[in-house]
Amino acid sequence: MNAGFPPPAQGPLVNGLSVDVEDWFQVGAFEKVIARGEWDAIKTRVEDNVARVIDLFAEAEVRATFFTLGWVAKRHPAMIRRIAEAGHELASHGYDHARVFTFSPREFAEDIRKARAIIEDCGGQAVTGYRAPSFSIDHRTPWAFEVLAEHGYAYSSSVAPVVHDHYGWPEAPRFAFRPLAASPLIEIPVTTAMLGSRRVAAGGGGFFRVLPYAFSRWAIRQVNRVEGRPAVFYFHPWEVDPDQPRVAHAPMRSRLRHYTGLSKMAGKLRELVHEFRWGRMDELAAREAAQLALAEDVLA
């Protein structure tokens, strides 16, 4: 039932900690002003930023999952090896941050195959997890789960079950679910909290940078203590890099979305990883798969 997962750990509730490994110029906010054809001419900063993140995690004695672009892994194999050697999970973020809804099923299959092969070759460990760029598995692309299952992925963390101008599948479940009846593949959505009757994004990224840390503390405590479920948190290496280049010709909204709160991000992350219990996404997936199997047995 849990093929592809490590044995589920026992003990207190542990949240899922994840890093979406892409460089500052590969983000959705800049996709209309920095073309993919320009990427190779831009000086990368991802390796230094990932090193900062690894050191921060080591300080807190936590392990995480690094959802990595194949494009980045191909150009920084030593960085990928360091992630693996530090005890973290390597997982796929696709090849070059193209959103799932831009692909046909066949093109998507080639994208995840290509990225996985590069990451596994660089890191020397099996890749069993996937996160869609910009959480782009949504109501338009449920077929992506079938492709992931066909290629042997154990879990996905590709759904943001909220309303958002950049992504979102608000009708999706808030917590882990099986998207395919005939497959053990599970989907673990990024965390949301309930503010009255409204779902609000609470799983990291720009919301974590922009809002006071107290909001994230409240949200994770709600999910952990009130709902008794693990949270799923994510961020990007470029978010700990306040000195990164500024894209002056990007739209004002994109610049605000990308640059706000960078100078405070590392400090907030340090507080977060020390305050709550965190672990790798594959370990969380194993626990969630066991819980889903138990619920299915009760209902059978």
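**Ground rules**

I work with a predicted model, where local features need pLDDT of at least 70 and side-chain atom pairs count only at pLDDT 80 or more, while totals for chains, interfaces and linings use all residues. Numbering runs from 1 along each chain as its sequence is written, and side-chain values use heavy atoms, with hydrogens and water left out.

**Entry: helix H3**

I started with H3, residues 77-85. I take helices (H or I, at least four residues) and strands (E, at least two) as DSSP runs, numbered from the N terminus. I looked up which residues of H3 are buried, and found Met-79, Ile-80, Ile-83 and Ala-84. Buried means under 20% relative accessible area, exposed over 50%, and partly exposed in between (1.4 Å probe, protein chains only).

Why do the buried residues line one face of H3? Seen down the axis, they fall within an arc of 140°, so they share that face. The arc is that of the directions from the helix axis to the C-beta atoms. I note the general rule: an α-helix has 3.6 residues a turn, so residues three or four places apart point the same way.

I then checked what covers them. The cover includes strand E1 (15-21), helix H1 (46-60), strand E2 (65-68), helix H2 (70-75), strand E3 (89-92) and H4. Contact here means heavy atoms within 4.5 Å. Just after H3, Gly-87 has a positive phi of about 95°.

**Entry: H1 against H3**

I looked up the packing of H1 and H3. Their axes lie 10 Å apart, at an angle of about 10°. Axes are lines fitted to C-alpha atoms, for helices over the stretch in contact, and angles run from 0 to 180 degrees between N-to-C directions. The two helices are therefore roughly parallel. The cut-offs are under 35 degrees for roughly parallel, over 145 for roughly antiparallel and 65 to 115 for roughly perpendicular, with the rest oblique.

From H1, the contact uses Val-46, Glu-47, Val-50, Ala-51, Ile-54 and Asp-55. From H3, Ala-78, Met-79, Arg-82 and Ile-83 take part. I find 7 nonpolar, no polar and 3 charged residues in this contact. Nonpolar covers Ala, Val, Leu, Ile, Met, Phe, Trp, Tyr, Cys and Pro; charged covers Asp, Glu, Lys and Arg; the others, Gly among them, are polar.

Ile-54 sits in H1. It counts as buried, at 6% relative accessibility. Leaving aside neighbours within four places in sequence, Ile-54 contacts Phe-66, Arg-82, Ile-83 and Ala-86. Ile-54 and Phe-235 are 181 residues apart in sequence, yet 13 Å apart in space, C-alpha to C-alpha.

At 44% relative accessibility, Glu-59 is partly exposed. Residues up to four places away not counted, Glu-59 touches Arg-270 and His-274.

**Entry: helix H5**

I moved to H5, residues 143-150, where Ala-144, Phe-145, Val-147 and Leu-148 are buried. They cover an arc of only 160° around the axis, which puts them on the same side of H5. Among what covers them are helix H4 (105-123), strand E4 (129-130), strand E5 (155-156) and strand E6 (186-187). Gly-152 follows H5, with a positive phi near 80°.

**Entry: nonpolar cores**

Which residues touch the most other members of the largest nonpolar core? Of its 74 residues, they are Phe-57, Phe-66, Phe-108, Tyr-130, Ile-137, Phe-235 and Trp-278. A core is a set of buried Ala, Val, Leu, Ile, Met, Phe, Trp, Tyr and Cys residues joined through side-chain atoms within 4.5 Å.

I followed up Ile-137. Residues up to four places away aside, its contacts include Ala-144, Phe-145 and Leu-148, which are buried residues of H5. Val-100, Tyr-130 and Trp-169 are also among the contacts of Ile-137.

**Entry: loops**

Is Glu-61 buried or exposed? At 69% relative accessibility, Glu-61 counts as exposed. Glu-61 lies in the loop between H1 and E2. Its phi is positive, about 60°, although Glu-61 is not a glycine.

His-97, in the loop between E3 and H4, is likewise not a glycine and has a positive phi of about 70°. His-97 is buried, with a relative accessible area of 6%.

Ala-126 is in the loop between H4 and E4. It counts as exposed at 56% relative accessibility. Beyond four places in sequence, Ala-126 touches Leu-90 and Glu-120.
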